[in-house]
Amino acid sequence: MRELPTLPLPAPAPPAEGYSRREALVMGLFALAAAATATGCSAADKLAYEEFVQKHFKDLSPEELKDRLASMEKRYTEQFGKEVKVSATPPMPGVLFGYALDLSRCIGCRRCVYGCVEENNQSRDPQTHWITVLEMDKEEGVNLQNANAFYDHETVPAPGKFYMPVACQHCENPPCVKVCPVQATWKEPDGIVVIDYDWCIGCRNCIAACPYGARRFNWGKPSIPKDELNPNTEYLGNRPRQRGVVEKCSFCLQRVRKGLYPKCVEVCPVGARKFGNLLDPESEIRYIIENKRVYILKEELNTQPKFFYYYGL
């Protein structure tokens with residue numbers, strides 16, 4: 001039987017204050033796209049339209065944010081066949097997060113890498129890792145140019161080697177933020193550099209600007225088995241991402257703003273990772289900075305990382 005063509009959906013009624021130029025432009029594009037097809041706008045088209053004309057995250061009213069989170073929860077729940085929560089937990093006042101890593105304890109087991117993948121819903125196929133563990137020669141010391149990120153020993157640590165995990169340094173002066181042309185990435189008051197995946201346009205300027213190679217671009221459609229999805233997600237953290245956007249470590253924002261350690265700290269079997277509030281003089285992270293010989297990567301660039309390396313033994 002011949003299918004009858006469906007009329008294109010009419011454009012939504014304008015709000016009382018009228019359309020902005022951006023909204024009007026997008027509305028026109030979607031109307032043209034709908035008119036050019038026999039079936040008109042699909043539900044996916046309408047969702048794409050709603051996401052495209054949305055306000056910037058920082059401009060949302062409490063009600064608008066509530067509606068957006070509810071919409072995401074509905075979409076992810078349908079997509080993964082399990083109840084998914086999406087929160088937007090704000091920074092805690094009086095908190096500036098910092099991280100310290102004891103190079104003398106790290107054994108290069110990569111448990112941090114895979115704990116991060118599970119907690120933060122990173123793609124399994126193609127694989128995406130926010131943490132890279134570099135293997136280096138003890139005799140040579142820290143030499144990033146000769147580091148091996150693809151070592152594959154039966155047991156670790158390998159003789160004569162030491163290990164340096166690297167992820168986003170959550171710089172106080174982040175070059176990745178400066179080059180984003182649409183303000184899709186920014187530094188939060190608690191020091192965490194975040195990304196709005198729905199605002200990112202995939203230009204990859206931030207990847208080019210990051211001197212630590214910490215950002216990842218989703219060239220393919222991220223894939224997470226339904227039974228492996230962590231359903232407790234944050235809007236600016238571990239919610240599922242889409243193809244064509246950039247992602248990176250968020251200090252496990254969904255955990256640390258609720259008083260928990262990042263997952264990589266929790267799963268480290270040798271206690272090489274430390275995390276805490278840099279503004280708290282009684283915190284472990286402050287003790288390390290004040291009593292150990294710490295250093296930061298690429299200090300000469302003045303990015304001012306909040307990720308410190310040290311030798312505890």
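Reply: Start with one cut-off. A residue counts as buried when its relative accessible area is under 20%. The model is a predicted one. In strand E12, Phe307 and Tyr309 point one way, Phe308 and Tyr310 point the other way, and all are buried.

Me: What share of the 313 residues counts as buried?
Reply: The share is 44%. The accessible surface of the chain is about 16800 Å², and carbon and sulfur atoms hold 54% of that area.

Me: How many helices and strands does the chain have?
Reply: Nine helices and twelve strands.

Me: Why are strand E2 and strand E12 called paired?
Reply: Pairing needs at least two bridges between two strands. E2 (residues 97–102) and E12 (residues 307–310) are joined by four bridges, and they run parallel. Therefore they meet the criterion. Two of the positions: Leu101 stands opposite Tyr309, and Ala100 stands opposite Phe308.

Me: What makes E2 and E10 a pair, and which way do they run?
Reply: Five bridges join them, and they run antiparallel. The requirement is at least two, so the label holds. Ala100 has Lys274 in E10 as its bridge partner.

Me: How do you know that E11 and E12 pair?
Reply: They have two bridges and run antiparallel. The rule asks for at least two, so this pair qualifies. Tyr295 stands opposite Tyr309 in E12.

Me: In what order do the four strands of the open sheet lie?
Reply: The order is E10-E2-E12-E11, with mixed pairing.

Me: Why do E10 and strand E11 stand at the edges?
Reply: Each has a single partner strand, so one side of each has no neighbour in the sheet. Helix H9 (residues 284–291) packs on the sheet and touches E2, E10, E11 and E12. The direction of H9 makes about 110° with that of E10.

Me: What makes E2 mostly covered?
Reply: Six of its six residues are buried. Phe97, Tyr99 and Leu101 point one way from E2, and Gly98, Ala100 and Asp102 point the other way.

Me: Why is the pair of Tyr99 and Phe307 called stacked?
Reply: Two cut-offs apply. Ring centres must lie within 6.5 Å, and planes under 30 degrees apart count as stacked. Tyr99 and Phe307 have 4.6 Å centre to centre and 5° between the planes. Both tests are passed, so the pair is stacked. Tyr99 lies in strand E2 and Phe307 in strand E12, so the pair ties together parts 208 residues apart in sequence. Both residues are buried.

Me: How many aromatic pairs does the whole structure hold, and which residues form one aromatic cluster with Tyr99?
Reply: The search finds eleven pairs. The cluster consists of Phe97, Tyr99, Phe251, Phe275, Tyr295, Phe307 and Tyr309.

Me: What makes a set of residues a nonpolar core, and how many residues has the largest?
Reply: Members are buried Ala, Val, Leu, Ile, Met, Phe, Trp, Tyr and Cys residues, joined through side-chain atoms within 4.5 Å. The largest such core has 66 residues. Ile131, Phe251 and Tyr309 have the most contacts inside this core. Helix H3 (residues 62–80) gives the largest share, five residues. A second, separate core has seven residues, including Leu96, Ile285, Phe308 and Tyr310.

Me: Which residues does Phe251 touch, leaving aside neighbours within four places in sequence?
Reply: Among them are Phe97, Tyr99, His170, Ile192 and Phe307. Lys306 is also in contact with Phe251.

Me: Which residues of helix H4 are buried, and what covers them?
Reply: In H4 (residues 111–119), the buried ones are Cys112, Val113, Gly115, Cys116, Val117 and Glu119. Their cover includes strand E3 (132–137), helix H7 (253–256), helix H8 (263–267) and strand E10 (273–277). Asn121 follows H4, and its phi is positive, near 55°.

Me: What share of the contacts with a separation of 6 or more comes from residues 24 or more positions apart?
Reply: Those residues account for 67% of such contacts in the chain.

Key
Residues numbered from 1 in each chain as written. Predicted model: local features only at pLDDT ≥ 70, side-chain atom pairs only at ≥ 80, totals over all residues. Heavy atoms only, no water. Buried < 20%, exposed > 50% of the residue type's maximum accessible area, 1.4 Å probe, protein only. Contact = heavy atoms within 4.5 Å. Areas by Shrake-Rupley, 256 points an atom, 1.4 Å probe, with all protein chains shown as cover. Axes fitted to C-alpha atoms, helices over the stretch in contact; angles between N-to-C directions. Phe/Tyr/Trp six-rings, centres within 6.5 Å; stacked < 30°, edge-to-face > 60°.
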